Amino acid sequence: TKLDLGLDSIYWYNSHLNREEQEAESASNIISSTSVGQLDSIQLDRQRNKFKEVFPQSRYISILDGLKPLDRKDYILTFYSKEHGFNEYCRFKTNNLSKITGMFMGGSLVFVDFWATWCGPCIKEFDYMKEIKMFFKENNIEILYVSLDYAGAYDKWKQQIEKHQLEGLHYLGTQEFIKQLSFFEKGSYIPRYALLDKDGSTLIEKCEQPSSGKLVQQIKEKLMIKDQSLPR
């Protein structure tokens, strides 16, 4: 039996719990979401106020009142190279990838790698990119790495980029960002890959994973590229 306490705007999936359980679970979720940088000051205030409205006598209110959001470092656009390290361009908020590719990657096809530092399968796929990157270079295809991390993961994000030598353009877009992208209308799972044309339009909405051994063949067929050996 679901118990609707009016918490839909915060944690609707708690509705299978009783009132006391929802109180504890909702408070815990607000605390944990704040601690990882998922909530900015506006979002925190909204969720905290809603909690107080539903549980005005809660023993957790004093704890929630003491919460402060992490300094947000999101929507960061940066270029990384092994030789020069990071070159941060700006804090650039957009819901349109073509604005990034058009301003910073004009004239090239763009392979978009959606990943996050907490996504083990995403990071594992980096191991399969060496030969594929050679194919990209030969065919004027650049890579845009779009991270779906929370703002609190800024330092870890840069560490993973350095660790795996992910040279190229990077965008720290956050999970709020992906909800506005057509690629994720049917779910926000990652790893996820796409191929964009020079004008930012989508050529392949869902590319094969690098580890599949099918990615280069898929792109070659789409671009009608012939007479090149296929890296596996």
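**Cysteines and rings in a predicted model**

Let's start with a cysteine: C207 is buried, at 6% relative accessibility. Keep in mind that we're looking at a predicted model here.

The disulfide count comes to one, and the bond links C119 with C122, whose sulfur atoms sit 2.2 Å apart. Turn the view to look along that bond: the torsion about S-S is about 75°, so this disulfide is right-handed.

On to the aromatic side chains, which make 10 pairs. Take Y75 and Y171: their ring centres are 6.4 Å apart and the planes meet at 55°, so the pair counts as tilted. Y75 belongs to the loop between α4 (61–65) and β1 (76–81), while Y171 is in strand β5 (residues 168–172), so this pair ties together parts 96 residues apart in sequence. Y75 is buried at 7% relative accessibility, and Y171 is buried with a value of 0%.

The rings of Y154 and W157 are also tilted, because their planes are at 45°, with the centres 5.9 Å apart. Both residues come from helix α8 (residues 154–163), and being three residues apart there separates them by about one helical turn. Y154 and W157 are both buried.

Two more spots deserve a look. One is an aromatic cluster made up of F111, F135, F136 and Y193. The other pairs a charge with a ring: K158 places its charged end over the ring of F86, 4.6 Å from the ring's centre.

How values were computed. Residues are numbered from 1 along each chain as its sequence is written. This is a predicted model: local features need pLDDT of at least 70, side-chain atom pairs count only at pLDDT 80 or more; totals for chains, interfaces and linings use all residues. Side-chain values use heavy atoms; hydrogens and water are left out. A disulfide is a pair of cysteine sulfur atoms within 2.5 Å. Buried means under 20% relative accessible area, exposed over 50%, partly exposed in between (1.4 Å probe, protein chains only). Rings of Phe, Tyr and Trp (its six-membered ring) pair if their centres lie within 6.5 Å; planes under 30 degrees apart count as stacked, over 60 as edge-to-face and the rest as tilted. Helices (H or I, at least four residues) and strands (E, at least two) are DSSP runs, numbered from the N terminus. A charge sits over a ring if NZ of Lys or CZ of Arg is within 6 Å of the ring centre and within 35 degrees of the ring normal.
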